[in-house]
Amino acid sequence: MARTNRAPVTADDLLRVVHLAVDLLAGAPAGAWEDRAGSLEWTCRETADHLADDLFAYAAQLGPRRPPLDDYVPFAVNARREGAPVETIRTRPEAGPEGLLQVVEACGALLAAMVRTAPPDVLAHHGFGDADPEGFAAMGLVETLVHTHDLAEGLGLTWEPPAEVCARVLDRLFPDVPEDAEPWPALLWATGRAELPGRPRLTEWRWYSAPRD
């Protein structure tokens, strides 16, 4: 789905989607957060914590004056239980859904701030390709878009993110997505969460976060 004169992914895109996601999830039943998140093996609460941790970790990669190019910033990580996501940060359980969403929003703001302030040509490590600030914004958007989809399925909500933001994310990270597909269904297909006409659901997938022209 690569195009000439590609529009960049921005910190504003990231904040917009994080705010839309938080506003949607704030309407979920309080008792549903221990239910499974869509097709994941994690609960909705664990998935939201994982999302916050991803946003935090991406911000942290851009933080050092000389960002690491061979590994992640060496924060200690652990899992709440066997099979739960491995994280650096998580929400205090007693904070409830409101606190959980506050942590997601705070971590999204941290990443947006780093994307705005880091030198635009700096690179930092990611396993799918060392990325510039735009790449980390796009990766943060993928995490927010698809995990909000997972959460919406588990919480009984409907999530329809902005198509133009999904298109910019696809252009930046998923060059092999078919050009004739609508952006949001295409992003769900590219991340193994849906089928496309004539294309089965993926069982393995990745993005390409190294800078592209």
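Helices (H or I, at least four residues) and strands (E, at least two) are taken here as DSSP runs, numbered from the N terminus. This is a predicted model, in which local features need pLDDT of at least 70 and side-chain atom pairs count only at pLDDT 80 or more, while totals for chains, interfaces and linings use all residues. Residues are numbered from 1 along each chain as its sequence is written, and side-chain values use heavy atoms, with hydrogens and water left out.

The protein chain contains 6 helices and 2 strands, which follow one another from the N terminus in the order α-α-β-β-α-α-α-α. Its radius of gyration, taken over C-alpha atoms, is 16 Å, close to the 17 Å that the globule rule (2.2 Å times the number of residues to the power 0.38) gives for 213 residues, so the chain is as compact as a globular protein of that length. Of the 213 residues, 52% count as buried, that is, under 20% relative accessible area with a 1.4 Å probe and protein chains only. Among contacts (heavy atoms within 4.5 Å) with a separation of 6 or more, 70% come from residues 24 or more positions apart.

Rolling a probe the size of a water molecule over the atoms shows where empty space is left. On a 1 Å grid over the protein atoms alone, a cavity is a set of points where a 1.4 Å probe fits but cannot get out, whereas a pocket is an open set with protein on both sides within 12 Å along at least five of seven lines; lining residues have an atom within 4 Å of a point. Grid points are joined across faces, edges and corners, and a volume is the space filled by probe spheres set on the points.

The most comes from α1, with 4 residues. By class, the cavity lining has 9 nonpolar (Ala, Val, Leu, Ile, Met, Phe, Trp, Tyr, Cys and Pro), 2 polar and no charged (Asp, Glu, Lys and Arg) residues, the others, Gly among them, counting as polar.

The largest pocket has a volume of about 470 Å³, and of the 23 residues that line it, H50, D54, A57, Y58 and Y72 are the closest to its centre. Both α2 and α4 supply at least two residues of the pocket lining, with α2 giving the most, 8 residues. This lining divides into 14 nonpolar, 5 polar and 4 charged residues.

Terms used
Buried means under 20% relative accessible area, exposed over 50%, partly exposed in between (1.4 Å probe, protein chains only).
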